[in-house]
Amino acid sequence: MPPTPSWLEIAVFYEIYPQTFFDSNGDGIGDLAGILQKLEYLQYLGVNAIWLNPCFASPFQDAGYDVSNYYQVAPRYGTNADLEKLFAEAHRLGMHIFLDLVPGHTSVENAWFKESCRPQPNEYSDWYIWTDSVWTWSAPGVQTVIGYAQRNANYITNFFHFQPALNYGFAVLDPKHPWQQPVDAPGPRAVRKELRNIMKFWLDRGADGFRVDMAGSLVKHDADGKATAAVWQEIRRWLDRDYPQAALVSEWSRPTVAIPAGFHMDFMLPFARNGYNSLFRLFDPDDHTNTSFFHPNGGGDIRFFLDEYLVNFRSTREQGLIAIPSGNHDTTPRLGNERTPADLQLAFLFLLTMPGVPFLYYGDEIGMRSADGLESKEGAYDRTGARTPMQWDDSANAGFSTAPAEALYLPVEAKPRHRTVAAQRDDPESLLNHVRKLIELRKEHPALGASGSFKPVHAEKNAYPFVYTRTGGGETVLVALNPAKSPCGVTLPGTLSKKPPQTLYGTENVFQRQGRKWLLKLPGVSGGLYLLS
Ligand code: GLC
Ligand code: CA
């Protein structure tokens with residue numbers, strides 16, 4: 001069953017951190033006019049959807065995830081009119097744009113919060129979660145910030161101390177803390193209504209949907225996520241009715257909860273030592289060995305990823321899509337660290353042939369590396385290194401900005417060398433051109449679309465290769481991956497394909513007929529996409 005809305009079927013998203021993508025006016029920070037100028041590049045790359053990190057008015061204590069006004073573009077990025085222009089131009093080019101929606105908390109600078117802090121009861125008193133007195137210093141399962149307001153109470157924070165939690169109520173009320181409100185109290189009801197107003201405001205101006213920040217964080221004491229899911233289900237019903245072409249992707253990393261909650265897509269995220277993490281970022285902190293599956297030393301285990309993925313995939317398939325990102329603004333190291341272009345080609349062969357919707361983090365398509373040892377910027381801490389300027393060419397500041405180097409939002413990665421767009425654009429064997437080719441194949445082959453079926457063919461514990469098929473639109477393609485530097489081989493059932501599989505991408509002549517079977521032999525660090533018949 002193809003997803004709703006149907007444009008998701010061949011969507012390939014590109015995440016843009018506006019601060020460091022392209023600076024159009026030389027003040028050292030990226031902006032919307034800069035993104036507009038680079039739409040041509042995104043078209044060339046082949047991506048057809050964009051996720052913009054928060055671009056609303058904010059004191060930027062957490063890079064914009066601390067919104068002071070949801071209805072106004074941050075002046076440093078431009079105006080509301082600039083954002084509308086970006087939507088219009090993207091639509092003209094057949095692209096979609098998601099904004100980043102932060103529903104769970106605001107900045108302390110938000111006018112709603114300032115009102116809520118006042119000792120005099122007012123419209124906003126219950127928009128945030130407040131304890132009953134300033135002497136109630138803690139409560140189980142929530143974080144309090146003590147003595148901030150004139151109001152004789154403490155507030156609950158959702159993330160950093162300056163991100164007060166909006167009041168969506170508590171799923172389970174703690175009798176010892178009568179200040180906790182149920183989800184149907186007037187405060188939570190008003191907050192839910194406002195959330196919809198914000199979404200409507202931007203959808204009416206051209207946004208195609210939202211990436212939803214900390215989507216599972218709304219209702220407190222909601223261990224199974226059911227009460228928070230109910231909030232989203234209501235929103236989904238409204239979207240289906242009034243904005244059927246709009247879509248949502250959640251930062252939840254629990255597809256079995258997020259998809260039934262109404263999200264069109266849910267991200268796999270490296271929240272812990274989980275399966276997604278084991279693909280690209282599994283380090284042993286003691287002996288510094290890399291046991292990611294996509295690493296040439298070949299110490300990975302695809303089952304770590306697959307066992308987790310299949311549970312999620314099978315139980316959500318009919319309802320929504322899983323989004324596997326190449327990285328994001330919270331994730332270090334970047335995919336490009338410790339990997340050669342050949343290693344990265346295989347990572348992208350995987351990312352761009354899996355079911356669901358792929359998300360590329362800006363710069364990953366040219367193998368950008370995250371920088372080490374940068375001082376924290378705007379609350380990024382150890383995430384800072386993954387947010388350095390996009391590397392366009394080898395002019396000053398890698399072509400990101402004409403500002404003096406010391407005025408940049410963040411310094412350019414120390415040695416960009418060939419990891420720039422200009423260096424790779426004209427080289428047919430560059431990573432950039434491989435990524436372009438893979439995106440093109442994904443769009444051309446219905447089997448590779450979001451809803452095409454997925455079947456592991458060879459995926460053994462602690463072994464290489466990883467082989468799977470995708471089927472859809474009357475065709476079946478096979479993906480074979482050997483990220484390890486040692487060659488490997490497996491026998492596959494002869495029934496897989498009558499004729500020798502046709503190479504669509506990657507290493508040729510890897511199949512040999514052996515009696516009733518196919519022998520698949522892959523050299524070290526190789527792989528490909530093959531059409532079966
Ligand atoms: C999400 C964002 C992250 C932010 C946090 C608080 O995890 O991706 O960047 O700091 O939420 O809003
Ligand atoms: Ca600028």
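Reader: Is Asn-25 buried or exposed?

Author: In this predicted model, the relative accessibility of Asn-25 comes to 52%. Since a residue is called exposed when its relative accessible area is over 50%, Asn-25 counts as exposed.

Reader: And what about Asp-23, is that residue buried or exposed?

Author: For Asp-23 the relative accessible area is 4%, and the word buried applies to values under 20%. Asp-23 is therefore buried.

Reader: Which protein residues are the donors of the calcium ion, ligand 2?

Author: The donors lie 2.2 to 2.4 Å from the calcium ion, and in sequence their residues follow the spacing D-x1-N-x1-D-x1-I-x1-D. Ile-29 gives its O atom and Asn-25 its OD1 atom, while an OD atom comes from each of the others.

Reader: Turning to ligand 1, which of the 13 residues around it come nearest?

Author: Two of the residues that come nearest, Asp-62 and His-329, also make polar approaches to the ligand: a polar side-chain atom of Asp-62 is 2.7 Å from an oxygen atom of ligand 1, and for His-329 the corresponding distance is 2.8 Å. Of the 13 residues around ligand 1, those that come nearest are Asp-62, Asp-213, Glu-251, His-329 and Asp-330.

Reader: How much of the accessible area of ligand 1 does the protein cover?

Author: One of the residues at this site is His-105, where an N or O atom of the side chain is 2.9 Å from an oxygen atom of ligand 1. On its own the ligand has 310 Å² of accessible area, and the share of this that the protein covers is 96%.

Reader: Where does Asn-328 lie, and which side chain does its own side chain join in a polar contact of 2.7 Å?

Author: Asn-328 is found in the loop between strand E11 (321–325) and helix H10 (341–351), and with a relative accessible area of 5% it is buried. Leaving out residues up to four places away in sequence, Asn-328 touches Glu-15, Leu-269, Tyr-361 and Ala-386. Its side chain reaches the backbone nitrogen of Asp-330 at 2.8 Å, and the polar contact of 2.7 Å joins it to the side chain of Thr-331.

Reader: What covers the buried residues of H6?

Author: The buried residues of this helix include Ala-227, Val-231, Trp-232, Ile-235 and Trp-238. Among the elements that cover the buried residues of H6 are helix H5 (186–204), strand E8 (209–212) and strand E9 (247–250).

Methods:
Residues numbered from 1 in each chain as written. Chains lettered and ligands numbered in written order. Predicted model: local features only at pLDDT ≥ 70, side-chain atom pairs only at ≥ 80, totals over all residues. Heavy atoms only, no water. Buried < 20%, exposed > 50% of the residue type's maximum accessible area, 1.4 Å probe, protein only. Helix = DSSP H or I, 4+ residues; strand = E, 2+ residues; numbered from the N terminus. Contact = heavy atoms within 4.5 Å. Near = heavy atom within 4 Å. Polar contact = N/O pair within 3.5 Å; in protein donor to acceptor, adjacent residues only side chain to side chain. Areas by Shrake-Rupley, 256 points an atom, 1.4 Å probe, with all protein chains shown as cover. Donors = N, O, S within 2.8 Å, 3.2 Å for Na, K, Ca; no water.
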